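Below are some notes for a colleague who is looking at this model for the first time.

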Amino acid sequence: MDLKHLHEQLTRLQSEIDNLPVDSEEHAKLHALIDDIDRELGSGPEMVLEDSGIQDRLDDMVSNFEVDHPTVAGILKDIMVKLASIGV
(Lines give C-alpha, C1' and ligand atoms only; values in the text may rest on other atoms or scores of the structure.)
Protein backbone atom coordinates (compact mmCIF):
# COMPACT_ATOMS: atom_id res chain seq x y z
CA MET A 1 0.00 0.00 0.00
CA ASP A 2 1.38 3.36 -1.03
CA LEU A 3 0.70 5.67 1.89
CA LYS A 4 2.09 8.61 -0.04
CA HIS A 5 -0.71 8.20 -2.60
CA LEU A 6 -3.28 7.96 0.19
CA HIS A 7 -1.99 11.18 1.75
CA GLU A 8 -2.13 12.83 -1.69
CA GLN A 9 -5.77 11.74 -1.97
CA LEU A 10 -6.47 13.25 1.45
CA THR A 11 -4.86 16.52 0.35
CA ARG A 12 -6.94 16.50 -2.84
CA LEU A 13 -10.07 15.82 -0.78
CA GLN A 14 -9.18 18.73 1.51
CA SER A 15 -8.95 21.02 -1.51
CA GLU A 16 -12.27 19.82 -2.93
CA ILE A 17 -13.98 20.25 0.44
CA ASP A 18 -12.78 23.83 0.71
CA ASN A 19 -14.53 24.60 -2.59
CA LEU A 20 -17.81 22.83 -1.84
CA PRO A 21 -20.95 24.96 -1.62
CA VAL A 22 -22.19 23.22 1.53
CA ASP A 23 -22.98 24.49 5.00
CA SER A 24 -20.36 24.79 7.71
CA GLU A 25 -21.63 21.67 9.48
CA GLU A 26 -20.88 19.51 6.43
CA HIS A 27 -17.47 21.16 6.06
CA ALA A 28 -16.74 20.42 9.72
CA LYS A 29 -17.76 16.75 9.34
CA LEU A 30 -15.53 16.29 6.32
CA HIS A 31 -12.56 18.04 7.92
CA ALA A 32 -12.99 15.95 11.08
CA LEU A 33 -13.03 12.79 8.97
CA ILE A 34 -9.80 13.79 7.22
CA ASP A 35 -8.17 14.56 10.58
CA ASP A 36 -9.26 11.19 11.95
CA ILE A 37 -7.90 9.36 8.90
CA ASP A 38 -4.57 11.19 9.23
CA ARG A 39 -4.46 10.32 12.91
CA GLU A 40 -5.35 6.70 12.16
CA LEU A 41 -2.56 6.40 9.61
CA GLY A 42 -0.02 7.77 12.02
CA SER A 43 3.36 8.74 10.73
CA GLY A 44 5.98 6.51 9.26
CA PRO A 45 5.86 2.78 8.61
CA GLU A 46 4.78 1.80 12.11
CA MET A 47 1.15 2.85 11.77
CA VAL A 48 -1.21 2.46 14.68
CA LEU A 49 -4.51 1.27 13.30
CA GLU A 50 -7.56 1.17 15.50
CA ASP A 51 -11.19 0.34 14.87
CA SER A 52 -12.56 3.86 14.82
CA GLY A 53 -15.55 3.44 12.50
CA ILE A 54 -13.83 5.38 9.74
CA GLN A 55 -15.11 3.02 7.04
CA ASP A 56 -18.70 3.57 8.19
CA ARG A 57 -18.22 7.33 8.27
CA LEU A 58 -16.67 7.29 4.80
CA ASP A 59 -19.55 5.21 3.48
CA ASP A 60 -22.06 7.69 4.95
CA MET A 61 -20.20 10.62 3.39
CA VAL A 62 -20.11 8.90 -0.01
CA SER A 63 -23.88 8.41 0.18
CA ASN A 64 -24.38 12.05 1.12
CA PHE A 65 -22.22 13.47 -1.67
CA GLU A 66 -22.44 11.10 -4.64
CA VAL A 67 -25.38 12.82 -6.36
CA ASP A 68 -24.52 16.50 -5.89
CA HIS A 69 -20.73 16.27 -5.58
CA PRO A 70 -19.50 13.23 -7.54
CA THR A 71 -15.85 14.30 -7.48
CA VAL A 72 -15.80 14.35 -3.70
CA ALA A 73 -17.68 11.05 -3.56
CA GLY A 74 -15.15 9.49 -5.94
CA ILE A 75 -12.22 10.62 -3.82
CA LEU A 76 -13.96 9.33 -0.69
CA LYS A 77 -14.56 5.95 -2.36
CA ASP A 78 -10.93 5.71 -3.42
CA ILE A 79 -9.77 6.49 0.10
CA MET A 80 -12.23 3.96 1.51
CA VAL A 81 -10.86 1.20 -0.74
CA LYS A 82 -7.25 2.05 0.12
CA LEU A 83 -7.98 2.09 3.85
CA ALA A 84 -9.77 -1.25 3.61
CA SER A 85 -6.74 -2.74 1.85
CA ILE A 86 -4.53 -1.85 4.84
CA GLY A 87 -7.04 -3.00 7.40
CA VAL A 88 -8.55 0.25 8.60
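**Notes on the helix packing**

1. Helix α3 (residues 54-65) and helix α4 (residues 70-85) have axes that come within 8 Å and cross at roughly 160 degrees. That makes α3 roughly antiparallel to α4. Angles under 35 degrees count as roughly parallel, over 145 as roughly antiparallel, 65 to 115 as roughly perpendicular and the rest as oblique. Axes are lines fitted to C-alpha atoms, for helices over the stretch in contact, and angles run from 0 to 180 degrees between N-to-C directions.

2. This is a predicted model, in which local features need pLDDT of at least 70 and side-chain atom pairs count only at pLDDT 80 or more, while totals for chains, interfaces and linings use all residues. Residues are numbered from 1 along each chain as its sequence is written, and side-chain values use heavy atoms, with hydrogens and water left out.

3. The chain has four helices and zero strands, so named from DSSP runs numbered from the N terminus (helices: H or I, at least four residues; strands: E, at least two). From the N terminus on, the order of elements is α-α-α-α.

4. α3 passes α4 in a left-handed crossing, meaning that the near helix is turned anticlockwise from the far one by less than a right angle (clockwise would be right-handed). On the α3 side, I54, Q55, L58, D59, M61, V62 and F65 meet P70, V72, A73, L76, K77, I79, M80, L83 and A84 in α4. By class, this contact of α3 with α4 has 13 nonpolar, one polar and two charged residues. Ala, Val, Leu, Ile, Met, Phe, Trp, Tyr, Cys and Pro count as nonpolar, Asp, Glu, Lys and Arg as charged, and the others, Gly among them, as polar. Contact means heavy atoms within 4.5 Å.

5. The axes of α1 and α2 come within 10 Å and cross at roughly 165 degrees. That makes α1 roughly antiparallel to α2, and their crossing is left-handed. L3, L6, H7, L10, L13, Q14, I17 and D18 of α1 make the contact with H27, L30, H31, I34, I37, D38 and L41 of α2. By class, it has nine nonpolar, four polar and two charged residues.

6. α2 and α3 pack at about 145 degrees, with their axes 11 Å apart, and this crossing too is left-handed. Among the residues of α2 that take part are L30, L33 and I37, which with others meet I54, R57, L58, M61 and F65 in α3. The contact of α2 with α3 has eight nonpolar, no polar and five charged residues.

7. Which residues have the most contacts inside the largest nonpolar core? They are L13, I37, L58, F65, L76, I79 and L83, in a core of 23 residues. α1 (3-18), α2 (24-41), α3 and α4 each give two or more residues to this core, and α4 gives the most, with seven. A nonpolar core is a set of buried Ala, Val, Leu, Ile, Met, Phe, Trp, Tyr and Cys residues joined through side-chain atoms within 4.5 Å.

8. Buried residues make up 35% of the 88 residues in the chain. Buried means under 20% relative accessible area, exposed over 50%, partly exposed in between (1.4 Å probe, protein chains only).

9. V22 lies in the loop between α1 and α2 and is partly exposed, at 23% relative accessible area. Neighbours within four places in sequence aside, V22 is in contact with H27, F65 and H69.

10. D2, in the segment before α1, is 84 residues from I86 in sequence and 9.8 Å from I86 in space, C-alpha to C-alpha.
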